[in-house]
Amino acid sequence: MKYVDEYRDAELGRALAAEIVATVEPGRHYKVMEVCGGHTHTIYKYGVDDLLPANVELVHGPGCPVCVIPMGRVDDGVAVAHEEGVIFTCFGDMMRVPGGDGTLLEAKAEGADIRMVYSPLDALRIARENPDREVVFFAVGFETTAPSTALTLMRAKAEGVRNFSVFCNHVTIVPPLRALLESPDLRLDGFIGPGHVSTVVGARPFEFIPADYGKPVVISGFEPLDLLQSVYMVLRQLADGRCEVENQYKRVVPYDGNPQALAVLAEVFELRPHFEWRGLGFISHSGLKLSEAYRDFDSELRFAVPGVRVADPKACQCGEVLKGVIKPWECKVFGTACTPERPIGTCMVSSEGACAAYYNYGRFARERVVV
Amino acid sequence: MCLAIPGRVLEIVDERNRLARVDVAGVQRNVNVGLLDAVDAGDWVLIHVGFAMSKVDEEEAQTTLGLLQRMGEAYEQELEDLKGSAIG
Ligand code: SF4
């Protein structure tokens, strides 16, 4: 497949790995955080970390939209799904995310009409096809996904589809990164920036990381060679004593992002004063809700949403995993009480969650092949 | 769910609603191209939850690949040189 296969060439991978070995200082330990869960997934699927020298450690960041949804919001979704006449739609990943009161999958088994959709446009189609039902879309995702929800709402408004609403859980990427950088328990040397978020927001919003915190950022693509090259570029900056935002994923990321997407975001959403993140707590201006112009489509105004805050289960260490403080296998329930089939925490649910990536690709312990 | 895949635009099927038919590894589907300026048949786009989010820039893609390949060549050369050496 074009734009995919050529970035998976094993020979080139080994060549890049050799460059990386030549770039690092032998005695120094490097910690590079890949912000995005999609990157985490690629790294373990292709064993990218096995190609890195032992002193280059990849730390997994908070950029998995399913992982950061707090329990209380899942419970809110379940409550809405149980309302009379509601068809509740969500991405497949959300079905098994545990709330305080079970999952959407369990609610479906109990009789709620919950349907998986690939796109918010599918949810809108279901609304058109069922004019006597209330169709709710459980919107999750960073700036990557939010423009799709926004355009869907614009179309719903233009067509006058009255029985459609959005339960909005969209989040923004910069506030949690700032929170991480402010946290004292984490020492990072640089960042692999989120490629798909950046197609929308561009590379510019990440300039605060080198400017305020003195750490390099490289926006990266999602194929194994993209990631290796981005790791190399971060290490190169460190070796050269440079610190800036570089864009490895220029083939799809314009430095200033996508102006149309940013315009629809501004039209349909506004920032919430604060939003709760699983394991990270409340972060100000980190979540989106529907703007005044779209309030008629806001599920939180249309239905009685309990809005109860639920503490994470005691055994769950997703917060530490999301902050990169511990590795998945260091969580006491990893692979025993918590598995992709029966997850306790969110990081085990989505394929982009760090725990799921470790579990699915057999990373149960520390050992790794060092080349 | 945050994944995105490249596909090639075959034709615009609904100008008003900005829908285009795309080919993704042999599978043909309609996607919304409303987040992009102008889209023509033959363009490569990155698709996420049914929307084209970005056009793939062929020139930049070639530059990145070229860079990777040059690193590969340097490595091959190094390997050849190593094979040629006979340190006693
Ligand atoms: S193993 Fe389960 S509970 Fe522990 S951090 Fe991972 S997802 Fe959370």
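Which residue in strand 3 of chain B does B:Leu19 stand opposite? The residue is B:Asn32. This is a predicted model. Chain A has 14 helices and 13 strands. Chain B touches chain A through 30 residues of its own, which meet 40 residues of chain A.

**Strands and hairpins in chain B**

- Strand 1 (residues 5-14) and strand 2 (residues 19-24) of chain B run antiparallel and are joined by 5 bridges.
- One pairing here is between B:Asp14 and B:Leu19, its bridge partner in strand 2 of chain B.
- Strands 1 and 2 of chain B make a hairpin, with 4 residues between them.
- In that turn, B:Arg18 has a positive phi of about 55°.
- Strand 2 of chain B also pairs with strand 3 (residues 27-32) of chain B, through 6 bridges and in antiparallel fashion.
- B:Leu19 faces B:Asn32 in this pairing.
- Strands 2 and 3 of chain B form a hairpin with 2 residues between them.
- B:Ala25 sits in the turn and has a positive phi of about 50°.

**Where chain B meets chain A**

- Contact involves 30 residues of chain B and 40 residues of chain A.
- On the chain B side, strand 4 (44-48), strand 5 (51-55) and helix 1 (58-84) are the elements that give two or more residues.
- Helix 1 of chain B gives the most, with 9 residues.
- The chain B side of the contact divides into 19 nonpolar, 8 polar and 3 charged residues.

**Overall form of chain A**

- Chain A contains 14 helices and 13 strands.
- Its radius of gyration is 21 Å, close to the 21 Å that the globule rule gives for 371 residues, so chain A is as compact as a globular protein of that length.
- Along the principal axes, the C-alpha atoms of chain A fill a box of roughly 65 × 45 × 40 Å.
- Of the 371 residues of chain A, 54% count as buried.
- Take the contacts in chain A between residues at least 6 apart in sequence: 78% of them join residues at least 24 apart.

**Nonpolar core**

- The largest nonpolar core has 134 residues, and A:Val231 and B:Ala52 touch the most other members.
- Helix 10 (residues 224-240) of chain A supplies the largest share of this core, 9 residues.
- Leaving aside residues up to four places away in sequence, A:Val231 touches A:Ile20, A:Val32, A:Leu52, A:Val56 and A:Ile192.

**Around the ligand**

- There are 15 residues around the ligand.
- A:Cys318, A:Cys331, A:Cys338, A:Gly345 and A:Cys355 come nearest.
- The shell divides into 13 nonpolar and 2 polar residues, with no charged ones.

Technical notes. Residues numbered from 1 in each chain as written. Chains lettered and ligands numbered in written order. Predicted model: local features only at pLDDT ≥ 70, side-chain atom pairs only at ≥ 80, totals over all residues. Near = placed C-beta within 6 Å. Nonpolar A, V, L, I, M, F, W, Y, C, P; charged D, E, K, R; others polar. Contact = placed C-beta atoms within 7 Å. Rg over C-alpha atoms; globule rule 2.2 N^0.38 Å. Buried ≥ 20, exposed ≤ 12 C-beta atoms within 10 Å, placed from the backbone. Core = buried A, V, L, I, M, F, W, Y, C linked by C-beta atoms within 7 Å. Pairing = 2+ DSSP bridges.
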